[in-house]
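Subject: Structure handover

Hello,

Here is the structure we discussed. Please open it alongside this note; the findings follow below.

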Amino acid sequence: MSVEDVVVIGAGIVGACVARELSKYENLNVKLVEKELDVSCGTTKANTGIIHAGYDDDPLQYPVRARLCSKGNKLWHEMVEELNIHVNWCGSIVGATDDEEIAALELLLKRGIANNVPDLKLLVGEEARRLEPKLNNLKAALYAPTEGTVLPFEAAIAIVENAKSNGVLPILDAKVVGIEQSNGCGFIVKTSAGDFKADWVINAAGLYGDEVSKMVGILETNNGVDIKIRPRRGEYWIFPSEYGSPVKHIVFSVPSGATKGIVLTPDPEGSLIVGPNSEELSSMDKEEKATTRAGLNEVYKFVVGKWGPILPPRNRCIKNFAGLRAEPQHGDFIVEGYKKCEGFINAIGIRSPGLTSAPMIAKEVLNVMVEQGFKGKVKDKWNPYRAPIPRAISLPYEQRRRLVSGDNRYSHLVCWCEGVSEGEIVEAIKRGARTIQGVSFRTRAGLGRCQGMSCQSKIVEILSRELGVPPEKVLLKSKGSEVLACRIKDLVGVSDESN
Ligand SMILES: Cc1cc2nc3c(=O)[nH]c(=O)nc-3n(C[C@H](O)[C@H](O)[C@H](O)COP(=O)(O)OP(=O)(O)OC[C@H]3O[C@@H](n4cnc5c(N)ncnc54)[C@H](O)[C@@H]3O)c2cc1C
């Protein structure tokens, strides 16, 4: 049996799910190539984190989205259990405040039924208000009990960890700069970290998917749509759990235009995420992730105008952030292979609901490979499970005692806001964290009320010690993001020996 080489480009949620899916086959040798220093550094790290039910996507206008979303939702219900991903299966409502909006809910219900979304219910009057009593003017609601929220960066990290344990090789800090086709014998993927031979290349490069597709001369989809990805920004507020969420469910308003609108989302940690708005950017602005005063105002004012004064005051917000949707020309996902370039598969234009659809996109990629002649031999011992990093503070006493007696660093609290111990941070570094952000995404250290004000210096010290680099070389997230300019000792001219 010959083994075929696969290079998956991009370690966002799509690349992660593709790598995990392909790791099930013993005749595939899978590399997951990512330009950043960690997985989940693109759109996957900054979105609402909703696992959508799938009623929103019009099957006539967006057939791929409509086909993959509700099935993706089902796969997430399995995946969060297998991989120990934090989730809040709180369900969602789309709230209507007048008759016109109630008519729109009926349309969404029909669409949901067409997309095979289970258990959708249209609730009117008191029944709707009982679900969300704090919302002003709520007249009816489309209730989707299968929706929930995850922390998308945690999810992508967990999926890659599992793929790795099943033989996938993640290669970070490796930007794909060119792809050569070697005379009908596959590809050479050229990266900043060396060249890799591949029989299959899966393009999951997010916002840069069009540029990667261009490297093999694929400029349009099989339906003749130009492959161009432009960024669409969405901005958010995060309010911490201590203020209590005003809503129990994910709350959408009736969608207007291209997006699902501004949403109230209780995340798995109890924080309330409010956003996003929707702002078209130029195709040159693929790194424009800054928040804006105007965008944040738009979000806050919309919620208060629509649902009443239910948000905590703005100064209680712990963080604002923005994410960039990878918007394709025709609005639908591009998941396909090409006759003129067999072996190259695009999984791009994955705007919302791409997080939800990712596990199904991975299956779709596999189907394309099979159509192009791949004959998979499933591994006898594929492992679907992944153990989480133990969260010492939330373990029952006896388990915590055992953990600490094995490694007493689990009793040294580093992040007081989120209750994260040194043992957890060391374990995160063992599992691949190379930056402060990498530690935060794996442990939540620094993501709480003080946003790292009190623990960041300690995290720098631990990263420095564990990675064997000087503290001033420790990075916040990407290359060039050192958090320390120099050591004070060096600044004042005191040598280490003089201590
Ligand atoms: C504001 C907003 C809200 C959203 N809310 C939701 C939601 O609630 N639910 C939902 O289902 N979906 C949501 N989405 C959509 C979802 O976030 C995306 O569909 C999903 O994250 C896309 O994942 P991806 O892997 O395609 O892209 P990315 O996460 O961007 O991953 C692509 C990766 O490719 C890497 N890369 C790029 N170029 C190269 C190269 N040349 N070489 C090597 N690596 C490269 C990048 O660094 C990146 O890590 C939202 C999106 C936004 C922006």
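Axes here are lines fitted to C-alpha atoms, for helices over the stretch in contact, and angles run from 0 to 180 degrees between N-to-C directions. Helices (H or I, at least four residues) and strands (E, at least two) are DSSP runs, numbered from the N terminus.

This is a predicted model: local features need pLDDT of at least 70, side-chain atom pairs count only at pLDDT 80 or more, and totals for chains, interfaces and linings use all residues. Residues are numbered from 1 along each chain as its sequence is written, and side-chain values use heavy atoms, with hydrogens and water left out.

Helix 1 and helix 5

The axes of helix 1 and helix 5 (residues 152–165) come within 9 Å and cross at roughly 25°. That makes helix 1 roughly parallel to helix 5. (Angles under 35 degrees count as roughly parallel, over 145 as roughly antiparallel, 65 to 115 as roughly perpendicular and the rest as oblique.) The crossing is left-handed. (Left-handed: the near helix is turned anticlockwise from the far one by less than a right angle; right-handed: clockwise.)

Helix 1 brings Ile13, Ala16, Cys17, Ala19 and Arg20 to the contact. Helix 5 brings Ala155, Ala156, Ile159, Val160, Asn162 and Ala163. Contact means heavy atoms within 4.5 Å. By class, there are nine nonpolar, one polar and one charged residues. (Ala, Val, Leu, Ile, Met, Phe, Trp, Tyr, Cys and Pro count as nonpolar; Asp, Glu, Lys and Arg as charged; the others, Gly among them, as polar.)

Six strands form an open sheet in the order 9-2-1-13-21-20, with mixed pairing. Two strands pair if DSSP finds at least two bridges between them. Strand 9 (169–171) and strand 20 (334–337) are at the edges, each with a single partner strand, so one side of each has no neighbour in the sheet. From one strand to the next, the twist averages 15°.

Strand 1 (residues 4–9) and strand 2 (residues 28–33) run parallel, joined by six bridges. Val8 stands opposite Leu32 in strand 2. Helix 1 (residues 13–22) packs on this sheet. Helix 1 touches strand 1, strand 2, strand 13 (200–203) and strand 21 (344–348), and its direction makes about 165° with that of strand 2.

Strand 4 pairs with strand 8 (residues 148–150) over two bridges. Asn88 has Thr149 as its bridge partner in strand 8.

Helix 10 and helix 12

Helix 10 (residues 422–430) packs on helix 12 (residues 456–467) at about 45°, with axes 10 Å apart. That makes helix 10 oblique to helix 12. The crossing is right-handed. Glu422, Ile425, Val426 and Ile429 of helix 10 meet residues of helix 12 including Ile459, Ile462 and Arg465.

Backbone points to check

The Gly275 to Pro276 peptide bond is cis, with omega near 0°. Pro276 is in the loop between strand 17 (272–275) and strand 18 (279–280). The Ser352 to Pro353 bond is also cis, with omega near 5°. Pro353 is in the loop between strand 21 and helix 8 (354–371).

Best wishes
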